[in-house]
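Here is a short briefing on one protein model. Please look at the structure first, then read the points below.

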Amino acid sequence: MTRRTRTLEPAYFDAVYARDSDPWKFGSSPYERNKYAATLSALPKARYENALEIGCSIGVLTRELAPRCDAILAVDVAPAPLIEARRRCAEFPSVRFEPMFVPGQWPGGLFDLVLLSEVVYYLQVEDLERLASKVVGSLIPGGDVVLVHWTGETDYPLTGDEAADLFIAAMRKNAPVQRTHRYSHFRLDVLAFR
């Protein structure tokens, strides 16, 4: 499989969602259910004030995270899945959704949780480093960063392990890794911001 070398642009995701409204089967896959359960279980705190979820897609994980957060800003590069995400999370007025192509676009505000679930490997190294810098600038002291990545083969610019390792290296001086969990098809890293 030939890997892409550049950050995947919004048009890539627009085309994916035009073909299938749930292309990665977030709503029905046992893999996704297991990954969501592991992600929620790995969160260091029982409750967060202000969370940022990057790459929320159709909002399946957002909905599960919502009861543990006073507020969530959930963003995705493609506007199409945000329609379903808003519907899925309608009972949670504390959840906002915005289309956003990170790291070039970035929200204002400070967060005590930044969740990056299966998104960092879509970036080339330079954009990954910019993303890490944006995350550092948006975290309050004591905030947490959670990375989750598929570790199987893809055609993305980075593998799951490369994405996580490079992001962690970029964050290391500000947010050392607290825990890395390896599962059969994904890894989950928890970093604590100082």
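Ring pairs join Tyr 12, Phe 13, Tyr 121, Tyr 122 and Tyr 156 into a cluster. A pair here means rings of Phe, Tyr or Trp (its six-membered ring) with centres within 6.5 Å; planes under 30 degrees apart are stacked, over 60 edge-to-face and the rest tilted. This is a predicted model, in which local features need pLDDT of at least 70, side-chain atom pairs count only at pLDDT 80 or more, and totals for chains, interfaces and linings use all residues. Residues are numbered from 1 along each chain as its sequence is written, and side-chain values use heavy atoms, with hydrogens and water left out.

**Aromatic pairs**

- The structure holds 10 aromatic pairs.
- Tyr 31 and Phe 186 form one that is edge-to-face, at 5.7 Å centre to centre with 80 degrees between the planes.
- This pair links distant parts of the chain: Tyr 31 sits in helix α2 (residues 30–42) and Phe 186 in strand β7 (residues 186–192), 155 residues apart.
- Tyr 31 and Phe 186 are both buried, where buried means under 20% relative accessible area, exposed over 50% and partly exposed in between (1.4 Å probe, protein chains only).
- Tyr 121 and Tyr 122 also pair edge-to-face, with 5.3 Å between centres and 65 degrees between planes.
- Both Tyr 121 and Tyr 122 are buried.

**Fold and overall dimensions**

- The protein has six helices and seven strands; these are DSSP runs, helices being H or I of at least four residues and strands E of at least two, numbered from the N terminus.
- Along the sequence, the pattern reads α-α-β-α-β-α-β-β-α-β-α-β-β.
- Along the principal axes, the C-alpha atoms fill a box of roughly 40 × 40 × 30 Å.
- Of the 194 residues, 51% count as buried.
- Among contacts with a separation of 6 or more, 69% are between residues 24 or more positions apart; contact means heavy atoms within 4.5 Å.

**Surface and charge**

- The accessible surface comes to about 8,700 Å², and 52% of it belongs to carbon and sulfur atoms. Areas come from the Shrake-Rupley method with a 1.4 Å probe; for residues, only the protein chains shown count as cover.
- There are 23 positive and 25 negative side chains, and the centres of the two sets lie 2 Å apart.
- Lys and Arg count as positive, Asp and Glu as negative, while His and the chain ends are not counted. Each charge is placed at NZ of Lys, CZ of Arg, CG of Asp or CD of Glu.

**Backbone points to check**

- The peptide bond from Val 102 to Pro 103 is cis, with omega near 5 degrees.
- Pro 103 is in the loop between β3 (95–99) and β4 (111–117).
- Ser 57 has phi near 50 degrees, a positive value in a residue other than glycine.
- Ser 57 lies in the loop between β1 (48–54) and α3 (60–65), and counts as buried at 3% relative accessibility.
- Glu 118, also not a glycine, has a positive phi near 55 degrees.
- Glu 118 is in the loop between β4 and α5 (125–138), and is buried with a relative accessible area of 12%.

**Ser 117 and its contacts**

- Ser 117 is in strand β4 and counts as buried at 11% relative accessibility.
- Leaving out residues up to four places away in sequence, Ser 117 touches Lys 35, Ile 54, Gly 55, Leu 61 and Val 148.
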